[in-house]
Amino acid sequence: MDQFVITGGRPLQGVVQVSGAKNAALPILCASLLSSEPLHLLNVPHLRDVQTLLKILSGMGVQCDQTGNEVMLRAERIESPTASYDWVKTMRASILVLGPLLARCGYAKVSLPGGCAIGERPVDLHIKGLEAMGAVIEIVHGDMVARADRLNGAHIFMDTVTVTGTENLMMAAVLAEGTTILENAAREPEVVDLARCLRAMGAQISGDGTDLITIQGVSVLRGAKHTIMADRIEAGTLLVAGAATRGDITLQGIDAGVLESVLDKLMEANARIDLAPQQIRLTMLGENHGVSLRTSPYPAFPTDMQAQFMAMNAVARGTTVVTETIFENRFMHVQELRRMGANIEVEGNVAIIRGVSRLEGATVMATDLRASAGLVIAGLIAEGETVVDRIYHLDRGYEQMEVKLAALGANVFRRSRKGDHGTV
Ligand code: UD1
């Protein structure tokens with residue numbers, strides 16, 4: 001099992017390119033199921049989650065050819081419209097095949113995801129929405145078995161904002177008969193990127209980026225070429241790493257418009273932000289001020305950036321309060337940060353962080369994707385050596401994180417059973 005070995009204390013400096021977004025790539029790869037013509041994707045990140053999804057799609061009969069960051073998908077015929085528990089348990093986002101399979105094949109069997117490290121994460125809104133469109137869904141031996149001769153457009157109100165729920169219903173609706181309206185839809189930029197790709201395939205969608213999305217069903221979709229948007233969470237993570245180490249870093253290939261709430265908090269923490277087209281420069285101006293924050297759906301502060309800010313706050317001046325409103329068990333990094341000397345108290349979904357003057361290196365365990373990113377940032381600030389174990393969580397969603405950090409001057413390398421590789 002791979003580990004990151006980090007010797008903290010170096011301010012990050014330099015220029016780095018942001019990769020394609022995991023959370024946009026996953027639904028867009030699933031969109032390939034909606035057409036018998038090829039979908040050509042550019043800027044697809046090399047991530048464990050992407051590889052998992054490509055295996056699921058291949059298992060269904062989709063021809064997947066990957067060259068560098070390009071993927072060509074051909075779903076001429078779908079032989080087996082199923083995603084088994086073995087896949088879904090490793091990646092909940094596999095549920096994104098449900099909507100497109102049902103729309104294209106009239107049948108789908110997708111394992112019901114169980115609980116996961118960061119909380120219960122139900123899928124009731126995916127099911128409710130598809131049922132409103134005429135699908136009949138039964139739970140049989142832990143699988144969702146969904147049937148519909150042809151889905152019908154429907155007016156669907158989602159009582160919680162759900163990102164993959166919105167994406168699943170949007171993909172189901174593009175081939176449905178008539179008009180679908182998704183109310184209280186997710187406004188995340190990844191939903192907009194999916195809509196852009198679907199429109200290139202001939203779908204009729206409007207209102208994406210707002211909480212009211214209208215989809216006029218069409219009978220067939222064509223092939224298309226689409227470039228996956230940059231990963232705002234990877235970008236945000238690198239910026240926090242830059243701020244926490246009092247560095248000066250520049251990110252390229254990212255539109256600052258998708259990071260407003262994060263940039264706002266970084267400025268509050270005492271960073272200067274300079275923007276140019278597709279470029280963000282962060283310069284820490286001095287002492288880290290720490291920031292209180294509350295996670296909420298886009299455009300508010302993302303839950304996927306909470307652990308990283310918590311690590312930075314651990315060594316900030318004064319006391320800060322972090323409130324998590326999206327997932328009920330997303331403070332798994334707190335125990336590990338405490339082992340490095342952080343002073344953090346948790347009461348329900350609120351963490352109170354009393355800044356300490358320094359963290360000490362320790363061996364810590366990654367528990368989920370974004371918690372791992374928080375621990376890596378803590379390692380970059382800490383005195384001495386930090387070993388972040390179970391880095392496979394990080395590999396699910398960050399492309400070559402250790403290489404990018406090393407390029408910015410961090411002392412970090414990957415240690416694997418097969419031997420050490422990476423950069424010091
Ligand atoms: C997506 C992102 C994930 C991010 C999260 C919140 C992907 C692949 N993953 O996850 O990185 O952390 O959005 O921004 O895009 N809920 C229900 N019923 C449902 C569905 C969701 O109650 O049917 C609840 C969840 O328990 C949670 C909230 O809605 O409390 C938001 O979850 P959701 O937006 O669905 O998260 P994901 O789409 O799984």
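**Notebook: helices, ligand shell and loops**

I began with α6, where Gly-165, Thr-166, Glu-167, Asn-168, Leu-169, Met-170, Met-171, Ala-172 and Ala-173 are buried. The model is a predicted one. Nine of the eleven residues of α6 are buried, and I noted the helix as mostly covered. Next I checked the N-terminal end of α6. Thr-162 caps it, with a side-chain oxygen 2.9 Å from the backbone nitrogen of Gly-165.

**Ligand**

Thr-162 came up again when I turned to the ligand. A polar side-chain atom of Thr-162 sits 2.7 Å from a ligand oxygen atom. How much of the ligand does the protein bury? Alone, the ligand exposes 740 Å², and the protein buries 86% of that. I then asked which elements give two or more residues to the shell around the ligand. They are α5 (124–132) and α6. The largest share, three residues, comes from α5.

The ligand is surrounded by 19 residues, and the closest are Leu-125, Thr-162, Thr-164, Asp-304 and Ile-326. For Leu-125, a backbone N or O atom lies 2.7 Å from an oxygen atom of the ligand. For Ile-326, a backbone N or O atom lies 2.6 Å from a ligand oxygen atom.

**Core**

I looked up the largest nonpolar core. It has 149 residues. Those touching the most other members are Leu-34, Val-97, Met-170, Leu-198, Leu-266, Phe-309 and Leu-405. Met-170 I had already listed among the buried residues of α6.

Phe-309 took me to α10. Is helix α10 enclosed or open? Eight of the eight residues of α10 (residues 306–313) are buried, so the helix is largely enclosed by the rest of the structure. By name, the buried residues are Gln-306, Ala-307, Gln-308, Phe-309, Met-310, Ala-311, Met-312 and Asn-313.

I moved to the loop between β18 (293–294) and α10, where Pro-299 lies. A cis peptide bond joins Tyr-298 and Pro-299, with omega about 10°.

Arg-246 has a phi near 55° and is not a glycine. Arg-246 is in the loop between α8 (232–244) and β15 (248–252). Gln-278 also turned up, with a positive phi of about 55°. Gln-278 belongs to the loop between β16 (271–276) and β17 (279–284). Is Gln-278 buried, partly exposed or exposed? Gln-278 is partly exposed, at a relative accessible area of 44%.

**Two loop residues**

Gly-178 lies in the loop between α6 and β11 (179–183). I read its relative accessible area as 26%, partly exposed. Which residues does Gly-178 touch, not counting those up to four places away in sequence? They are Gly-153, Ile-215, Gln-216 and Gly-217. The C-alpha atoms of Gly-178 and Gly-153 are separated by 4.8 Å, although the two residues are 25 residues apart along the chain.

Asp-368 is in the loop between β22 (363–365) and α12 (369–381). Its relative accessibility is 9%, and Asp-368 counts as buried. The side chain of Asp-368 reaches the backbone nitrogen of Ala-371 at 3.1 Å. I also took the C-alpha separation between Asp-368 and Arg-390, which is 9.2 Å for residues 22 apart along the chain.

**Cysteines**

Last, I searched the whole structure for disulfides and found zero. The cut-off for a disulfide is 2.5 Å between sulfur atoms.

Cys-30 is buried, at 0% relative accessibility. Cys-105 is partly exposed, with a relative accessible area of 33%.

Conventions: Residues numbered from 1 in each chain as written. Predicted model: local features only at pLDDT ≥ 70, side-chain atom pairs only at ≥ 80, totals over all residues. Heavy atoms only, no water. Buried < 20%, exposed > 50% of the residue type's maximum accessible area, 1.4 Å probe, protein only. Helix = DSSP H or I, 4+ residues; strand = E, 2+ residues; numbered from the N terminus. Contact = heavy atoms within 4.5 Å. Core = buried A, V, L, I, M, F, W, Y, C linked by side-chain atoms within 4.5 Å. Near = heavy atom within 4 Å. Polar contact = N/O pair within 3.5 Å; in protein donor to acceptor, adjacent residues only side chain to side chain. Areas by Shrake-Rupley, 256 points an atom, 1.4 Å probe, with all protein chains shown as cover.
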